Structure formats: structure tokens, C-alpha cells
Amino acid sequence: MAHSAMAGSGWGTTEGDDPLQTAVWRLRSRGCWADAAALLEPVTADTALQRTALLVERCLYTEQGWAEAEDALRTAEALAHSDDERGAAACERGQLAYAATVHQTRDRADEARSALGRAAALIAPGAKGRALLDFRRGLLAENLTGSPQAARAAYRRAHAGATAHADQLLLSFTWRHLAGLALREGELTEARHGFAESLRIREELGYLVGTAPALASLADAESEPEASRLREEARRLYRLLGGVPTWLARQLAPPAADAATA
């Protein structure tokens with residue numbers, strides 16, 4: 001299973017000139033999700049949902065913090081009143097259940113499908129949250145259902161939605177996952193282009209915690225010596241961030257280490 005499935009929340013980066021959102025983004029982009037969440041008081045549906053998204057992303061990248069994410073999610077669900085808010089909460093529930101399943105913490109695949117289906121009934125076509133929902137449905141199709149064709153269709157819908165709403169971070173994920181499917185089919189030129197676009201966007205946004213995975217993915221589509229250079233840079237960032245994301249360790253393990261642990 002490709003753990004390139006570690007997706008972001010899809011909401012914006014600095015949200016204009018809002019000092020709070022700028023601080024939240026800077027912490028999030030460096031893998032300090034708990035610190036970022038602590039800046040948000042879950043007194044409205046919007047802040048509760050954003051706090052939930054941060055803590056769900058922490059689960060995806062660190063395989064820790066499940067109870068805190070569940071608590072935040074329940075609060076967000078309680079505060080959600082509009083269809084968009086209820087849909088966004090359902091989308092986060094689906095993502096948390098998906099994360100638990102891919103990390104083999106607990107099999108919650110049925111819950112993930114049900115929650116994302118509920119979100120699809122609540123979030124209007126063309127709404128900003130629809131792109132993130134389509135992306136997450138693509139993750140389920142690719143990594144839980146094993147249906148790359150359905151995954152590609154969902155990723156393309158997400159890519160179009162992210163483009164329409166100028167969601168650069170989500171675009172970095174759709175580029176990367178479409179490239180991953182191309183790589184599996186031996187379409188190296190298409191894969192390199194998608195991985196390079198994903199890396200470019202993340203570097204421009206300063207999304208440091210997502211840069212090492214982007215480097216490693218591009219390395220998989222490159223030839224030597226460029227592939228080794230990219231992997232070494234990914235290892236440097238991975239160590240800098242204290243071994244986050246956890247799932248990247250297997251992809252970055254040197255061949256000697258693989259043989260020793262086989």
C-alpha cells in the first residue's frame with residue numbers, strides 16, 4: 001500500500017493577513033499540529049472543524065493522538081449546524097477512520113466509506129469542500145478498495161475543484177497522487193511532471209512537513225544520480241522533523257538497512 005495517502009486538510013495556508021491563521025499555518029507546516037490546535041478555541045463550527053483537521057492530520061503523519069482527534073471531532077460534530085458544516089465534519093470523520101485503517105490501528109474502512117458518503121450528500125457540488133472530499137474518496141478507492149480507475153477519476157475531480165478554488169496545498173496532493181498512478185502504469189514522463197509540480201508547490205508554500213514525501217516520490221520516478229540526491233535530501237528533512245511522517249521511514253530506508261531487517 002502506498003502511504004503517499006497522507007493528505008492535508010485542504011483548507012488554506014495563511015488565510016490572507018490574519019495573524020492567527022498565519023501562526024497556525026507556520027506551526028502546521030512544521031509538523032507542530034498540537035501547538036497549532038492549541039491556538040484555536042473550538043467555540044464555533046469553523047474553528048472546531050479547523051482544529052479537528054489539524055489533529056486528524058497529526059494522526060496521519062505520526063500515528064499518534066487518536067483520542068485527541070476523536071474528542072475534537074465530536075466537538076466539531078456537535079457545533080455543526082449547516083449542511084456544509086455537517087458535511088465537513090463527516091469528511092473529517094471519514095479521514096480519521098481511513099487513517100486508522102491504513103495505519104492498521106483498527107479496521108474502520110466501512111465507517112470511512114459511510115462518513116464520506118454522508119459528506120457527499122451534504123456538501124454541494126462546486127463547493128470548496130467538495131474538492132477535498134473527492135480527493136479523500138480517491139484515497140479510499142486507491143488504498144482500501146484497490147480500484148485505481150475510480151481513484152484516478154476522483155483525483156481528477158479534486159484537481160479540477162482545487163484549481164477552481166485556488167487551493168494550492170490540495171493541488172500539491174492531487175498532482176502527487178495522479179503522478180503515483182502514472183508511475184504504477186510506467187508513464188514516467190507524466191509521473192515526473194506531477195511529482196515535480198507537487199514538490200514545487202510545497203516548497204513555495206513552505207509546507208516543510210510535506211516536502212520530504214514529495215522529494216521521495218520524485219526520486220522514485222528519476223534515474224541516477226538524481227534519484228539518490230533527492231532521497232538524501234528527503235532523509236535530511238525527515239531527520240530534521242524528528243522522523244515525521246512516520247510512514248516515510250520504509251520508503252527512505254537504504255538498501256543495506258532493508259537487507260538487514262528482511
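Predicted model: local features only at pLDDT ≥ 70, side-chain atom pairs only at ≥ 80, totals over all residues.
Reader: Why are H7 and H8 called roughly antiparallel?
Author: The axes of helix H7 (residues 128-145) and helix H8 (residues 148-164) cross at roughly 160 degrees. Angles over 145 degrees count as roughly antiparallel, so H7 and H8 are given that description. Their axes come within 8 Å, and H7 passes H8 in a left-handed crossing.

Reader: Which residues of H7 and H8 meet?
Author: From H7, Ala131, Asp134, Phe135, Arg137, Gly138, Leu139, Ala141 and Glu142 take part. Their partners in H8 are Ala150, Ala151, Ala154, Tyr155, Arg157, Ala158, Gly161 and Ala162. By class, this contact has 10 nonpolar, 2 polar and 4 charged residues.

Reader: What makes H7 and H9 roughly parallel or antiparallel?
Author: The axes of H7 and helix H9 (residues 168-184) cross at roughly 25 degrees. Angles under 35 degrees count as roughly parallel, and H7 and H9 are therefore placed in that class. Their axes come within 11 Å, and the crossing of H7 past H9 is left-handed.

Reader: Which residues make the contact of H7 with H9?
Author: Ala131, Leu132, Phe135, Leu139 and Glu142 in H7 meet Leu170, Phe173, Thr174, His177, Leu181 and Arg184 in H9. The residues of this contact divide into 7 nonpolar, 2 polar and 2 charged. Among the H7 residues here, Ala131, Phe135, Leu139 and Glu142 also take part in the contact with H8.

Reader: How do you know whether Arg152 is buried or exposed?
Author: Arg152, which lies in helix H8, has a relative accessible area of 15%. Buried means under 20%, so Arg152 is buried.

Reader: What does Arg152 touch?
Author: Leaving out residues up to four places away in sequence, Arg152 touches Leu178, Leu181 and Glu185. Of these, Leu181 is also one of the H9 residues that meet H7.

Reader: How do you know how the span of helix H3 compares with the expected one?
Author: H3 (residues 45-62) has 18 residues and reaches 26 Å from its first C-alpha to its last. At 1.5 Å a residue, 26 Å is expected, and the span of H3 is close to that.

Reader: What makes H3 mostly covered?
Author: Of the 18 residues of H3, 16 are buried. Each of those is under 20% relative accessible area, because that is the cut-off for buried.

Definitions and conventions:
Residues numbered from 1 in each chain as written. Heavy atoms only, no water. Helix = DSSP H or I, 4+ residues; strand = E, 2+ residues; numbered from the N terminus. Expected span 1.5 Å × (residues − 1). Buried < 20%, exposed > 50% of the residue type's maximum accessible area, 1.4 Å probe, protein only. Axes fitted to C-alpha atoms, helices over the stretch in contact; angles between N-to-C directions. Parallel < 35°, antiparallel > 145°, perpendicular 65-115°, else oblique. Left-handed = near helix turned anticlockwise from the far one by under 90°. Contact = heavy atoms within 4.5 Å. Nonpolar A, V, L, I, M, F, W, Y, C, P; charged D, E, K, R; others polar.
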